Amino acid sequence: MNNTFQAPTIEYGQLAPLLLVFGAAVVGVLIEAFAPRYLRKSFQVPLTFVSLLGAFALILVQVFVSGVPTAPAAMGAVAVDGPSLFIWGVILILAAVSVLLITDDDHFVPQAAAVPGSAEEDDALAEGAAHTEVYPLVLFAVGGMLLFAASNDLLMMFVALEVMSLPLYLLCGLARRRRLLSQEASVKYFLLGAFSSGFFLYGMALIYGFAGTVDLAGISRALGTVSGQDPLLLIGTALLGVGLLFKIGAAPFQAWKPDVYQGAPTPITALMASGTLVAAFGALLRVFWVALGNLDWDWRPVMWGVAILTMVLGAILAITQTDIKRMLAYSSIAHAGFLLVGVIATGDARQNADALSGILFYLLVYGITTVGAFAVVTVVRDAGGEAGHLSRWAGLGKRAPALAGVFAFFLLAFAGIPLTSGFFGKYAVFAAAATGGALPLVIVGVVSSAVAAFFYVRVIVLMFFSEPAADGPTIAVPSMGTAAVVTVAAAATVVLGVFPEPVLRLADQAASTLFIR
Amino acid sequence: MEPAEIFPHSGGVIGVSWLMIALPLLGAAILLLGGRRTDRWGHFLGVAMSLASFVVGVLTFVELLGLGEEQRRRVVELFEFIPGMVNMGLLVDPLSISFVLLITGVGSLIHIYSIGYMSHDPGRRRFFAYLNLFVAAMLLLVLADNYVGMFIGWEGVGLASYLLIGFWQHKPSAATAAQKAFIVNRVGDFGLLVAMFLIWTTFGSFAYGPVLGAAGDANVPATAIGLLLLLGACGKSAQLPLQSWLLDAMEGPTPVSALIHAATMVTAGVYLIVRSGAFFQAAPTAQLVVTIVGVATLLAGAIIGTAKDDIKKALAGSTMSQIGYMVLAAGLGPIGYAFAIAHLITHGFFKASMFLGAGSVMHAMNDEVDMRKYGGLASVMKVTWATFGLGYLAIIGFPLLSGYWTKDGIIEAAMEHSPILGWLAVIGAGLTGFYMSRVFFMTFHGKRRWAEDAHPHESPAVMTWPLILLSIGSVFGGAFLIVGNRFMTFLSPAVGAPEEPLGFHPFSVPGITTLVLVAIGAGYAWTKYGRSEVPAVAPRGSFLTTFARRDLYGDALNESLFMRPGQWLTRLAVFFDNRGVDGLVNGLAAGIGGSSGRLRRIQTGFARSYALSMLFGAAVVAGALLLVGNL
Amino acid sequence: MTTHYLVLSALLFSIGAVGVLVRRNAIVVFMCVELMLNACNLAFVTFARQHGNLDGQIIAFFVMVVAAAEVVVGLAIIVTIFRTRRSASVDDANLLKY
């Protein structure tokens, strides 16, 4: 037996964006411990932005100076390949934009420990207290997202999953108003999330039992050596899939999404609806294409069922929603279904690259539009906070034409109307699926899009063609951050809708190398 | 003669011809984003952008003329729009440049006119922003070198038209009219979209060059594509059976009616048919349908025009009718193309001048539109009377004025093709003579039937000068284009030319008959509306008059054919699903809505039931995988 | 025989899953989730023995750390909602629905 210990090699350069975000999060925790209360926010906000934008810059350096790596880093645990780098970029942009929303103090509870309605809460309010812990929490969550999408073995993926989720569970419960709903969302998200990670972990254990390794490439190799189907492998695949599908909110694991999206503070909802979804799709693709790619004859039919159910359920249930955030949550479920259509569109390498590039582009445009839409939701308010009920949005077009117009535009982008970014996203994914032989799935997708378009248009009609309610909501003057978010999102939705070519090409390049093993 | 080859181009004014689109687009963006800050100078910016676009257009035209005749189709590559599918570029050729000059020229005049017309309107800046948006979209429509770019422009003008019809949205009629235009146009757009899908699957390209070059091949579904394109053209150009929106569109401000619903946008259908001529020449059936649609619309529009008392609606009927002539000519193939486009251009001048004249009259009469309350205005509004009169003479085909040359050309060409079409077009010309005279005499002659508080006055110079400039076009434009086949020669590299061009026969039988019929019509109108008393309230009239007043029952027909069955279906669905939701969703949606209402109950709010559904889902997924794996 | 350990692990996992479904107290529900995680640990260790490599045992350590972190967060959330509602029943948290 060879007793010499070999130190692992870590490619710090490739992992620099991750390390920067995590490092900043740790520094954020130290600030909470040592900085005086009144100074904390002025430390935390710059730190958060610098780390997110710095990580983005590091990615640019990696791509344009060092070149896209061709082998996994950190002893095969993390794969910094083309798709990873693209997804990292997307997550960091979305996170930075969401943090702009978060900087608006008005969304978070002054003192989470104070019981709602108690004297302590009033004191905390009067004192102007604020939980600046949200910033390090967000950074940990974002770091987890980055790692989740790039993990090249299942253990790393599990740790990343938890690092991403745990801060989000907490953040969900910190809404300033309607605290009962917020806490309920938090507890539901936590219990169901923990439940789903139980499935993920058990699936991982079974796959480890089958392959003897949790390395994605190793699993793929093990698949190649066996003939006949091992129940261990199949059940493991199913349970692993459950954990991942839960995170993207695919039916029948979608139940948490509407409740959590509605209850959570809206900036956090924006972060979850964009960043988490992107990261979860990155991980899902990596597991199913890299590790289980040779098993696609088995998982593909099941994924067909899940995709169809998700699209149909999301689109149909959204129709009768009366709360705007809940409606957006169901729309997010439907979009997860559309994206799953792209996941199924595998075939030869060329086909895979097409599908992957479509998914990457879709994730970017959907994420940005989503953050923009939730940003609009934050400024439509009445006495009790955000005016969530759709009836309150009636006639908004007359009160605030610009805001309502932008929101209508986001909705049209969700619906995938030509000349919005959503159109090219849907087009890229559906076209790849159609050439991949998933035509029936595309038809279901198009029909669900039509149903979905109905409820988007319903909101537009409500905003522009209904009489405003007599005591309708006020439009809060958006803070600089919120205004910037809405502007950036609207601009991106227009530009990517009219002139998508450069970004499409970037996604093509990112996807061309596929995932490294 | 076949259309000439298309050459790539860079440099020169043609190389920057995209400025024509970019400048008004920039104007619209500044005005819309700039908000109230731009209120004070916004209208000047709008005019300046439109004029700048016109100047670039003229320079492009001059540069194009400098090239050899066979060299005059230039494509300017701009950027790759959708990788592997669409390369966006601009096609500058005689056909598109003719449109460019019309759009920017007439457009600029109407911009100037609007400074005066909208001077008291609080939304003037927004109005100019929409006008600029319209100009940009219309230019993209005619300049794009592929169907996708054309379609984007097509939707853009639709959007601008929708916004401008509903500009005074506080009027419910305006809001309704805007929505009607929107919906009817979607029917046409659907045809256009399907045509584009067919084009893509057949040719694997959207660019005019490769597509139209191969349109005559044996395995091309030219008839289907042609008919679908025609459906698109019918929607945009208000041809039967999609004509019903145009009359309601008159709810918009009058300069809009002049620019969009008379001079330019509604002629986009004619552009589409002429540009896609290769498909129609390969499909005689489609061509026949085009001519039938044209003739039917030219008669229907004329009949509607005879019975309307609202001056703008009467003019709208006439617009329908004149576009019917153009569509008829466009359906005749290369022999008619030059006449179609020439008539389109002269019509742009005289119809815009009459619409603006009508606007000037309304401006003077406190926005009264009922011609029965006009009369005798000639004496108080000399300039308006003169310019409107010249437009009127041009449209009825008074010898040597614009309409005479171009409309007569269409009639001759139709006669050549099929005498039935030709004679029907002659009858249409006679009707034109009657209804246009009726409009003119009821408005400017006869006794004054003004409301008590009306004090008509001539409009300010900023409004009259555009009228004067437009009427120059309505007087001389036709002769300039037609005499010596000048326009046909110019246009032939773009659309091809007939084997032997049609000579001009001023004293042919149809020509004489047309003149006689027009004279009879005008004379009858003079005795009925110029000389004798016009009742202030419309008489009941015969069955035919009612028929015409109700837009030939176009709306009633639409209602009974499309709306009623739809409503019945809806009721049926609601009957079966009487738990339909909120009354918001109906028809098919009621089914989905109902199931949605029931399905959402599965979201019980209990975390444990969510966990159960997850466990159940996990079991199903695992079971399914095991099942598939062991197959 | 390692198979017995796997059967035990499956049983523990099922007991945990069923516990999540049938128990109302949030703390107990959460403990059932922890039971599921520990069932996984047992499976990892057993498979590590089967395959003769150490990966599974190391994974078990990671899982324990993650589970501990989860406890911290979970208890915080559950205690907060208990203080607000004076009840730790997951069925009482039922405002968000449909």
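Good morning. I begin with Phe440(B), which counts as buried because its relative accessibility is 7%; buried means under 20% relative accessible area, exposed over 50%, and partly exposed in between, with a 1.4 Å probe and protein chains only. This is a predicted model, in which local features need pLDDT of at least 70 and side-chain atom pairs count only at pLDDT 80 or more, while totals for chains, interfaces and linings use all residues. Residues are numbered from 1 along each chain as its sequence is written, chains are lettered from A and ligands numbered from 1 in the order in which they are written, and side-chain values use heavy atoms, with hydrogens and water left out.

Let me turn to aromatic pairs. Over all chains, the structure holds 38 of them; rings of Phe, Tyr and Trp (its six-membered ring) pair if their centres lie within 6.5 Å, and planes under 30 degrees apart count as stacked, over 60 as edge-to-face and the rest as tilted. In chain A, the ring centres of Phe22(A) and Phe140(A) are 6.4 Å apart and the planes lie at 40°, so this pair is tilted. Phe22(A) belongs to helix H1 (residues 12-34) of chain A and Phe140(A) to helix H5 (residues 134-150) of chain A, so the pair ties together parts 118 residues apart in sequence. Helices here are DSSP runs (H or I, at least four residues), numbered from the N terminus. Phe140(A) counts as partly exposed, at 24% relative accessibility. In chain B, the rings of Tyr392(B) and Phe440(B) have centres 4.7 Å apart and planes at 10°, so they are stacked. Tyr392(B) is buried, at 6% relative accessibility.

Next, the interface of chain C and chain A. How many residues of chain C are in contact with chain A? There are 44, and they meet 47 residues of chain A, where contact means heavy atoms within 4.5 Å. The two chains bury about 3700 Å² between them, 77% of it on carbon and sulfur atoms; buried area is the accessible area (1.4 Å probe) that two parts lose on being put together, summed over both. Phe47(C), Ile77(C) and Leu96(C) supply 19% of the area that chain C buries against chain A, more than any other three residues.

Across this interface the rule finds 1 salt bridge, that is, a side-chain nitrogen of Lys or Arg within 4 Å of a carboxyl oxygen of Asp or Glu. Glu184(A) and Arg85(C) form a salt bridge through their side chains, at 3.6 Å from N to O. Thank you.

Conventions:
Helix = DSSP H or I, 4+ residues; strand = E, 2+ residues; numbered from the N terminus.
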